[in-house]
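Trainee: Could you walk me through this one? I'd like to begin with the aromatic residues and then move on to the strands.

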Amino acid sequence: MIINPKIDDSWKNILQEEFTKSYFFSLKAFLLEEEKKSTVFPSNKNIFNAYNTTKFEDVKVVIIGQDPYHGENQAHGLAFSVLKGNKIPPSLVNIFKELNSDIGCAIPQSGELLKWANQGVFLINAVLSVRAHSAGSHRNKGWENFTDATIKAINNKLDNIVFILWGKPAQMKEKFIDETKHLVLKAPHPSPLSSYRGFFGSKPFSQTNIYLKEHGKKEIDWCL
């Protein structure tokens, strides 16, 4: 299985050291064992999809998820996104409801968020893989170290990035973000269990575009 780090050069140049650290070798060994016993999502070719879709220098917005969807044919390496043809998961349904309420976009018929990623919205999960049908099964195996390094790199080397942190796992990354040079938008996770505690009405999409425009960056066309 992977983790042959086939990752866009813009990221590889930034994160090269991570691939040589002991935690990464342990992570790779864990994933190889996992694949012998069960199915792992997303597929090998898609584990670094967020990095390969949105180049480092193109990042304008970061949305951090928890771990990939664990159902068949759902996860494809972009946080909250599902491949076309799949039922839209409940959390994404709620994201689309807020999208409609916030800026008036029609509720999308597909849950694929590739259009966002292609505009500089880096859709990254805190953990990049999962065992089939077992949510959270790859937590605390090393991925968090890698995604911590990713957030630190964005924070340190880029300016005026919008970080959208939904839920506690995403908000654990906040300590790596300098709020004097970036915008941090926090809200409860969009899952049905927590969305009514402040996710609805948080207006992340309009707030993001206001900030980008204020800093001379092209706004995101959020409508799908």
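Mentor: Gladly, and please keep in mind that this is a predicted model.

Trainee: How many aromatic pairs does the structure hold?

Mentor: The structure holds 22 aromatic pairs. In one of them, the ring centres of phenylalanine 24 and phenylalanine 146 are 5.8 Å apart with the planes at 50°, so this pair counts as tilted.

Trainee: And where do phenylalanine 24 and phenylalanine 146 lie?

Mentor: Phenylalanine 24 belongs to helix 2 (residues 22-37) and phenylalanine 146 to helix 6 (residues 143-157), so the pair ties together parts that are 122 residues apart in sequence. Phenylalanine 24 counts as buried because its relative accessibility is 4%, and phenylalanine 146, at 0%, counts as buried too.

Trainee: Back to phenylalanine 48 and tyrosine 51: what sort of pair do they form?

Mentor: Their pair is edge-to-face, with 5.8 Å from centre to centre and 80° between the planes. Phe48 and Tyr51 also belong to one aromatic cluster, whose members include Phe24, Phe146, Trp11 and Trp143.

Trainee: Switching to strands, is strand 5 mostly covered or mostly open?

Mentor: Strand 5 (residues 162-166) is mostly covered, with five of its five residues buried. Val162, Ile164 and Trp166 are on one side and Phe163 and Leu165 on the other, and both faces are covered.

Trainee: Which strands pair with strand 5?

Mentor: Strand 2 (residues 61-65) pairs with strand 5 in the parallel sense over four bridges, and isoleucine 63 has isoleucine 164 as its bridge partner. Strand 6 (residues 183-187) also runs parallel to strand 5, joined by five bridges, with leucine 165 opposite lysine 186.

Technical notes:
Residues numbered from 1 in each chain as written. Predicted model: local features only at pLDDT ≥ 70, side-chain atom pairs only at ≥ 80, totals over all residues. Heavy atoms only, no water. Phe/Tyr/Trp six-rings, centres within 6.5 Å; stacked < 30°, edge-to-face > 60°. Helix = DSSP H or I, 4+ residues; strand = E, 2+ residues; numbered from the N terminus. Buried < 20%, exposed > 50% of the residue type's maximum accessible area, 1.4 Å probe, protein only. Pairing = 2+ DSSP bridges.
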